[in-house]
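Biologist: Could you take me on a close look at the salt bridges, and then carry on into the parts around them? I would like one connected tour that I can follow on screen.

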Amino acid sequence: MKNKTDFLQFVSNPQNVKRILVIRNGLLGDITFITSALNRLSNTFFDSEIDVITGPISTPLLENFPHIRNIIPFNYNLSFFSVVKQIFFFLKLRLHKYDIVVVHEVNSHYTLMGKLAGGKYLVTFENAQSKNADYSIPRPKQVAVLAELVLVQDWTKKINTDKSYLYVTENEIKIAKEKLHSEGLLNFNRIVLINCGNSRGQDSKRQWYNQRFAELADNLIIKQGVTIVFNVGPGEQEEVKKLQKLMRFPSYTISGIRSLMAIIKISKLVIGLDTGPLHMACALGTPVIMLFGYADPSDTGPYDPTGLSKVIAVNLECIHCVHKNPKPTQWNICKDMRPTKCMQEITTEMVTNAANEILNRF
């Protein structure tokens, strides 16, 4: 750490800060987690322009975010030729003359790339290269939204609610409704969106049973009179079709990140696994029911200040095994088991009861 005092003095006057670069590679959930910090930056340095570098799949998330000027897609790869391209990519960013480069990564590679971008001040989480930064702190072990916020909270203006934020327009909601209307959906007043997919497909440790998702959907149609909409992520179309065929009642599908965000915004509830769309729902103010197995909800669980959202998990000795060291015996068994034991133990009834409890409030 070089110039922490100078940096804090510099940012104490928001007028000093005209351009900010934020670096965070990752999938939908990862980028949603940093929006708490982005919101602080945009509220504190309201005369500044913010550029964000992120993974290509996640760039649509940040459209309409206040004060973001450019959302720059970035492919991370540590092959020799890729690293050379990255060096030139970040060196070229020096032309923008950033006042602050904020690296929301513990990975030291990004700290070095942030240094190449040439801002007046470099901010990062502590890692092997954070000695090159002007301001660095450890990334705490707490729910991800708040952990990411820690990087900026001591030098940005406190706001009423520190949570994740995403933004959709009324026109985007209108367009998404028109898509579903073309499928035959007429009533948009009581939608439950189900996200049955995950970033790793059928090999994922997060996987649950399609039959149970179908039973859950039918139960909620009968008991709550809801309309079920399934999110269809990349490569998930055939799997969602199979799931719909298991149902007794009609359901609908939506695809595309901005369309998904619009439907989440008008939904009463979003149900699914520990994946990006569930974190997006928290950012859009829609309660979620998140099914948890091997991961720890105190790390990537829903952060919902309203308190409506729920985590469904079972009490097993091996639960949250991803964080256990040494690994429990069940770890080696579950490596080749899908769904894993902890996900098998989550019943349709458990999720239905939680959904009824939330929906009865509306």
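Modeller: Let's begin with Arg 19 and Glu 49, which form a salt bridge whose closest N and O atoms are 3.9 Å apart; the term stands for a side-chain nitrogen of Lys or Arg within 4 Å of a carboxyl oxygen of Asp or Glu. The two residues are 30 apart and link distant parts of the chain, with Arg 19 in strand S1 (residues 19-23) and Glu 49 in strand S2 (residues 49-54). Strands (E, at least two residues) and helices (H or I, at least four) are DSSP runs, numbered from the N terminus.

Before going further, please keep in mind that this is a predicted model, where local features need pLDDT of at least 70 and side-chain atom pairs count only at pLDDT 80 or more, while totals for chains, interfaces and linings use all residues. Residues are numbered from 1 along each chain as its sequence is written, and side-chain values use heavy atoms, leaving out hydrogens and water.

Back to our pair. Arg 19 counts as partly exposed at 33% relative accessibility, and so does Glu 49 at 32%; buried means under 20% relative accessible area, exposed over 50%, and partly exposed in between (1.4 Å probe, protein chains only). Glu 49 also forms a salt bridge with Arg 69, with 3.0 Å between the closest N and O atoms. Because Glu 49 lies in strand S2 and Arg 69 in strand S3, this pair ties together parts that are 20 residues apart in sequence. Arg 69 is partly exposed as well, at 32%.

Elsewhere in the chain, the side chains of Glu 357 and Lys 310 meet in a salt bridge of 3.1 Å, N to O. Glu 357 is in helix H15 (residues 348-359) and Lys 310 in strand S12 (residues 310-312), so the pair ties together parts that are 47 residues apart in sequence. Glu 357 is partly exposed, with a relative accessible area of 42%, and Lys 310 is partly exposed at 23%. The count of salt bridges comes to 16. Some join up: Arg 24, Asp 30, Glu 105, Arg 139 and Glu 148 are linked in a network.

His 104 sits in the loop between strand S4 (100-103) and helix H5 (108-116), and at 2% relative accessibility His 104 counts as buried.

In the largest nonpolar core, which has 64 residues, Leu 38 and Trp 155 touch the most other members; a core is a set of buried Ala, Val, Leu, Ile, Met, Phe, Trp, Tyr and Cys residues joined through side-chain atoms within 4.5 Å. Helix H10 (residues 257-266) gives the most to this core, with 6 residues. Apart from this core lies another, of 35 residues, among them Cys 196, Leu 220, Ile 289 and Leu 291.

Setting aside neighbours within four places in sequence, the contacts of Trp 155 include Phe 7, Phe 45 and Tyr 135. These residues turn up again in one aromatic cluster, formed by Phe 7, Phe 10, Phe 45, Tyr 121, Tyr 135 and Trp 155. Rings of Phe, Tyr and Trp (its six-membered ring) pair if their centres lie within 6.5 Å; planes under 30 degrees apart count as stacked, over 60 as edge-to-face and the rest as tilted. The count of aromatic pairs comes to 12.

One of them joins Phe 74 and Phe 89, with ring centres 5.5 Å apart and planes at 35 degrees, so the pair is tilted. Phe 74 lies in the loop between strand S3 (68-73) and H4, and Phe 89 in helix H4, so the pair ties together parts that are 15 residues apart in sequence. Phe 74 is buried, at 5%, whereas Phe 89 is partly exposed, at 27%. The rings of Phe 89 and Phe 90 have their centres 5.1 Å apart and their planes at 85 degrees, so this pair is edge-to-face. Phe 90 counts as buried, at 0%. Leu 91 also has its place in helix H4 (residues 80-92) and is partly exposed, at 33%.

Notes. Contact means heavy atoms within 4.5 Å.
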